Amino acid sequence: MAYPTTPLPVVVEFWNGTAWVDISAYTYSRNGAGITIIRGFPDEASGPQPSSCTFQLNNRDGRFTPLNPTGPYYGLIGRNTQVRVSVTGYGTRFVGEISEWPSRWDVTGRDVWVPVTAQGVLRRLQQGSSPVNSPYRSAVLSAEANDPFYFFLGYWPMEDGTSSTSFGSALNEENDTVDGVQFTRTVPIMSYSGTRPAFASTGPFLGSDSLPILGATTTLMAPIPLLSSRSISDYSVSLHLDIPATTGWTDGTPILWISQSLASSTIATWEIRYVSGGGGDLEVRALDSAGTQLATSGTLDYNIDGTQLRLFFRVSSDGVDAGWVLKTQTLNSDGTAITQIQNTSSFAGLVGTRAMGLRIAPRGGLTDMGVGQATVQAFFVSDIDSNALLSFAGETAADRAQRLIEDRAITSTTLGTAADTQAMGPQATPSTLLNALNETWVADQGLLHETVDTLGLTFRTLDSLYNQTAGLALDYTGAGEVAPDLEPTEDDLNVRNDVTVTRKNGSSARYVDSTSRMGTADPPTGVGVYDTSVEINIQTDTDLIQHASWRVHLGTVDESRYPSVHVNMAALAKAGQTTLMTNAAGLEVGDRITITNLPSWVPPGDADLMLLGYTETMIHPIDWDLVFNCAPYSPWRVAVLAEESMTLLTAETTSSTAWRIGCQPDFTTVAADLPVSLTVDGEEVSVTAAAAASVGIAAGTPVHGDNASLQPTHPSHVEGDLLIVYCAIRSSGVANPNTPAGYTTLVADNNHRVFAKYAASAAEPAPTVTFSGGSAGDTTSAVSIRVSGVQITVLNSKTQINGSAQDIAFPAYVIEDNVQLLQFCWKQDDYTSVAVGGGMTEVVEASSITGNDQSLYVARGPVASNPTPIPAASHVVTGGAAAISRVILFTVPRGVADLTVTRSVNGVVTSHAQGATVQITDPEVLAL
């Protein structure tokens, strides 16, 4: 029989390191205590809180005593053992960590139990105070951990404290295999000679914590670990430099020496030296074992005096010539951009080999130069994300939260679209993880809370809170729907009517409500002054007044609060309300709850509430209660259309009433929001119905040529569909497709590119695709893809090049909310067939042996209602041979709506061209 006639199916498990172990049979329900879960926020004024779960375990046989060697769980439980609580049919209710297992017993010794308190990951994070990695250090370590193209022989951040005596490595000693070679990586320190450097003295720059400043005779040195017995002739060295405005340095003073093994090398030392004059230039030299110059670049114009820069030097050898690249990435004076200068050349007849040692300021003489973040990188060499040099300024709040969380190997989830969150200022250094995370949700005004079904954190975007349909719709008069006590209150707990917002290291703005019933005027006109100030870390000052007014908007809600709503699941079950049970159990922090048909003695109207958190109690065998902590939802019912970008995707006559528009974010499809008045080309129309256009994908017939232009025919389409042309030319890294007339370049990568336009009719002519840089025998290929129901905007993109292989590997990607993921693959060889990789769906195969061989492959991901991860995988290729391949991944937003409109509301009668701008007639600006 079903619940509540039968006991509540609760499952309690712990993680033993390899599997979940069911301990439900040992869970007590004694003295009125069962399982109690507390999650989310207790009220509107609180910040992120650790979730908790309390229960009692039968310990008569000592199995839950961690240090009991006779217990069956000996060695499997202890500090921070993970525990999971689930209700069969309703999913996971809690995942957390048990920090202690205290045994308790009665005076007879017959009743022995362990009172368990498990908490979420925030408890552990709140106890720690260690700083988060600086942005650049985080980027280096993340690159090596997550990208197979990065491998570091050495990395010395040089962010060591003021009392340090050397510079430690940030790498781990480990055994690994790189490029098929097994090795043991050691992590030597970097030492100094001469004048003791002034440790941690520069102040943060280029995404780093404070770095050392060199004295008059300081030299820094470190060995570069050997990678097995293998020579590595392709490597790079890079480091941060803070150059004084007036150096006083001697012309020709070396900045960097890289010593090389002479076993098979004619170059003993690579030297980068300072050239005085011209604002500070650089010179590259190759030296023999006696220090005699073998070759020189001559003076290279870099103008480094008075700058903060990243110096990048790459060397490679083909056994005949020694190639090199010298690049600087200089922080602009306003700190908002990076300027790059690069020189590339080679020294003929010289041979390089593996790097043996690194010396910075090898002869001293670089007084007052700041230096740090020294790396030696092997094999495939690529720059670290340049955004790290800017301390990730401009990074969205959700992206920053995800990066910070995942840097600590904690699972991160985003609810909503990360791209819609607030652009942030530079990440503060140094900072603790919690302080850095607090800056993200405070900036966006979203929510940061623990994830319900895994040990992790969830960032819920502000945009995802707006204009929700109710996740739980209760009727006060419905059988078993609302349990006692429902108690509205009017208080001043969250009243704020005078708010000053200051941008970190920036300006400030103040907003005051002096006129409403919740304004600063004395009672009874208002409520008096409730002022506050807040500092936020956002990218620019221009948004400050909106942030101040939004906080006043939240703080002047003039309605009763319902601090808690009680739902008795057993009562719902008894009344047959299974759908409401599922909805109640599935609520997420930030979801909307409504209660209709309230009694006459409470304030009129329905209760419209936001779920902040909840207390969940399960007492065997049947009791299951949910008490939701709530706040008024009305502040999040906003006119989000005020700042939307809307475009007419179909040309309209003077009388047509079925319109298709592209809209960012999505046009409302909620009937209660309509009608909405729009204006285009001076004509006002009234939208009486709106529906989201469905997504559909089809491919035309691929075409190929021999270094020739192509005309790929479009698949069937209608006006307003997005037409995407994917094309490639075989000549790797040399030739590229050109943008067809009337098309927009969506993503440009070497060899292959993606172009698009909206179809102007159902008979859109085939484009002419030309190519540049090719030679006879270079295969050209193109195919047209029709994607309906999406817009031409690229939200996020990734590219990847793969070394010679049979299959086409593609990178991991997290699909944002309500978008279409598209994937375009090129391979420098033909094939017989392709089996699509995990999580993707094939759109078209295109293989050719015209001229030299090449092939195209297009796949798509699912359209997800929540962020969905697509793991890194490969498309399995049959036929052909191993070859280089490239991949482009990107997402395009849906946001296409079909509208029914009433024409000429203001008497203007006109036709409208495709691409016309559509605006809200009388916009209300409430959303932040």
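Which residue in E14 is the bridge partner of Ser193? The partner is Thr219, and the points below set this pairing in its context.

1. Basis of the note. This is a predicted model, in which local features need pLDDT of at least 70 and side-chain atom pairs count only at pLDDT 80 or more, while totals for chains, interfaces and linings use all residues. Residues are numbered from 1 along each chain as its sequence is written, and side-chain values use heavy atoms, with hydrogens and water left out.

2. Strand E14 and its partners. Helices (H or I, at least four residues) and strands (E, at least two) are DSSP runs, numbered from the N terminus; two strands pair if DSSP finds at least two bridges between them. Strand E13 (residues 191-193) pairs with E14 in the antiparallel sense over three bridges. E14 is also joined to strand E23 (residues 355-360) by four bridges, again antiparallel, and Ala222 has Leu358 of E23 as its bridge partner. Four of the five residues of E14 (residues 219-223) are buried, so this strand is largely enclosed by the rest of the structure. Buried means under 20% relative accessible area, exposed over 50%, and partly exposed in between (1.4 Å probe, protein chains only).

3. Nonpolar cores. A nonpolar core is a set of buried Ala, Val, Leu, Ile, Met, Phe, Trp, Tyr and Cys residues joined through side-chain atoms within 4.5 Å. The largest such core has 68 residues, of which Met190, Trp270, Leu326 and Leu358 touch the most other members. A second, separate core of 54 residues includes Val12, Val87, Ala584 and Ala585. With contact taken as heavy atoms within 4.5 Å, and residues up to four places away in sequence not counted, Leu358 touches residues including Trp156, Met190, Leu220, Trp257 and Val376.

4. Helix H3. Just after H3, Ala409 takes a positive phi of about 60°.

5. Helix H4. H4 (residues 433-444) has twelve residues and spans 17 Å from its first C-alpha to its last, close to the 16 Å expected. Nine of its twelve residues are buried, so H4 is largely enclosed by the rest of the structure; among them are Glu439, Trp441 and Asp444.

6. A five-stranded sheet. Five strands form an open antiparallel sheet in the order E48-E57-E51-E54-E53. Its edge strands, E48 (797-805) and E53 (841-848), each pair on one side only. Seven bridges join E53 to the antiparallel strand E54 (residues 854-860), and Glu842 stands opposite Ala859 in E54.

7. Cysteines. With a disulfide defined as a pair of cysteine sulfur atoms within 2.5 Å, the count comes to zero. Cys53 is buried, at a relative accessible area of 0%, and Cys630 is buried at 3%.

Technical notes. The expected span of a helix is 1.5 Å times one less than its number of residues.
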